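I opened this notebook to record what I looked up in one structure.

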Amino acid sequence: MKMSGAQMVCEAIIAEGVKTVFGYPGGAIMNVYDEIYKQNAFKHILTRHEQAAVHAADGYARATGEVGVAMVTSGPGFTNAVTGLATAYMDSVPLVVISGQVPLSLIGTDGFQEVDAVGISRPCTKHNYLVRSIEDLPRILKEAFYIARSGRPGPVLVDIPKDITGEMGEFIYPDHVNLPTYKPRYKGNDRQIKKAVEAIVKAKKPLLYIGGGTVLSNAYQEVREFAELTQIPTVETLMARGVMGAKNPLLVGMLGMHGSYAANMAMSETDLIISLGARFDDRVTGKLSEFARYADIIHVDIDPANIGKLVDVDYPIVGDVKTVVNKMLEMIREKVDPDRYQVWRDILARYDELHPLSYTDSDEVIKPQWVVERVGELVGSDAIITSDVGQHQMWTAQFYPFDRPRQWINSGGLGTMGYGFPAAIGAKVGVPEKTVINFTGDGSILMNVQELVTAAEYGVPVINIILNNHFLGMVRQWQTFFYDKRYSETDLSYQPDWKKLAEACGGAGYDVTTKAEFDEALRSAMEGGKVTFINVAVDRFENVLPMVPAGGALYNMLLEHKDQ
């Protein structure tokens, strides 16, 4: 069938079952947008910034498990999207981003709105393409979706010159992909898995270390079954919150820079780490030379480049977490003695009793941790929670009762301020039956505040809870701890009227200074059906604790600050 390149793009999107595309048009992508206008098989949501378009597609992908799709034009349209690509790349989120490019004849001439999109995006995409002929376009589009969702997921860029989108060609969309140099390994080596199981049976202090790969592989049921069968204590990374469920007695907590005392001590004293879909990020390991000094390491990851990258591994297993854990369950079922680890579990329970995650509540000023806990009490598992980056992100990770995967959506690897609001829009579009709440700060929310208009126009009633301390809170905390309280450029006392700002863009706004006012505002927001700002005045100098200082050993945590 003969059709234009622009039509091919739309037909490929339809063939892949995509229901929603986020984007922003411009000159180089206009042919495609003209075809979008003519169809009704998928919906297009016009964000007010290209970065927000990619973040929205990212939130959609994380909430649904499907490939998110964003579309931008050339030049600044693409460069605005780079932060979204890098965010998705760091957290292994499956995206296909389609960008317009100047005509082939103008590439390399410094044409109007020309940038080297392939060159710029090479470090922050799983793969990228510059389409050079109409004959290649159907194959490239098919490969892009396949690469994005298979193996270790990630963002794929397809950069299409404008003359290609206008050219006519034969559209034969492949029904399968054959890439000789890209063959993700899912199964795992049986011999290595057997050795790992033998090590687990012999260990005295084993620890399950659960990473975001368990969410990406949809392995949470298998991981929970493995933990319950073996009764091995478990820690989660920031990206894995919800895998075990907040009330699971085997969950010791989140570990890392702002992890719980018990979780960090568990990692410091274990004799066998069973790492499932985690990459030993520096925020988790702390000082590498002091990390888990007494432990052998089993490392299961679908990306062979991750294994042994930062720590020496004794039992490397390249494979999909879901597949490998299923095989481990088969091998260990008759061998495991759950009572073997009772003393170890008792030690960790004692650590949790000594220094539980806590804060000093107040009726004089709202504590941010109380807000997070209160939302958990009132909404709980019925909500998808997104966040921006900073103190509010850590408080949410610490105190929200996540009980399922894909409930918690945040920028973990890149730490992107401005991520939470557009990601919440994408999540709500993808899972409309769930309440979607974005915990944000008075710094982060302004970075993509223009998406108030997007949410209002399309009737996407996400609730933004601004934990407002009139500071760039996390930077201020470091300045308090390590820079002798020199608050250089972190005071955000000058602020907009948040309520009026929300209302001016078609949403609803609430200013909150008491607990009773917060309860009423949240109830009204959930019933109101509009995008909402709830501006909560919280304790200005509240700190996120525990805290492992940068470069410090995981067991050397700051549990309190001298000013408190």
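The entries below follow the order in which I looked things up.

I noted that this is a predicted model, in which local features need pLDDT of at least 70, side-chain atom pairs count only at pLDDT 80 or more, and totals for chains, interfaces and linings use all residues. Residues are numbered from 1 along each chain as its sequence is written, and side-chain values use heavy atoms, with hydrogens and water left out.

**Sheet.** I found an open sheet of 6 strands in the order E16-E15-E17-E18-E20-E19, with parallel pairing. Strands E16 (408-409) and E19 (508-512) are at the edges with a single partner strand each, so one side of each has no neighbour in the sheet. Strands are DSSP runs of E of at least two residues, helices runs of H or I of at least four, both numbered from the N terminus; two strands pair if DSSP finds at least two bridges between them.

**Strands E15 and E17.** I saw that E15 (residues 383-387) pairs with E17 (residues 435-441) in the parallel sense over 5 bridges. Ile-385 has Ile-437 in E17 as its bridge partner.

**Gln-495.** I located Gln-495 in the loop between helix H19 (473-482) and helix H20 (498-504). Is Gln-495 buried or exposed? Gln-495 is buried, with a relative accessible area of 19% (buried is under 20%, exposed over 50%, partly exposed in between, with a 1.4 Å probe and protein chains only). I also noted that Gln-495 touches Asp-442, Asn-468 and His-470, not counting residues up to four places away in sequence (contact means heavy atoms within 4.5 Å).
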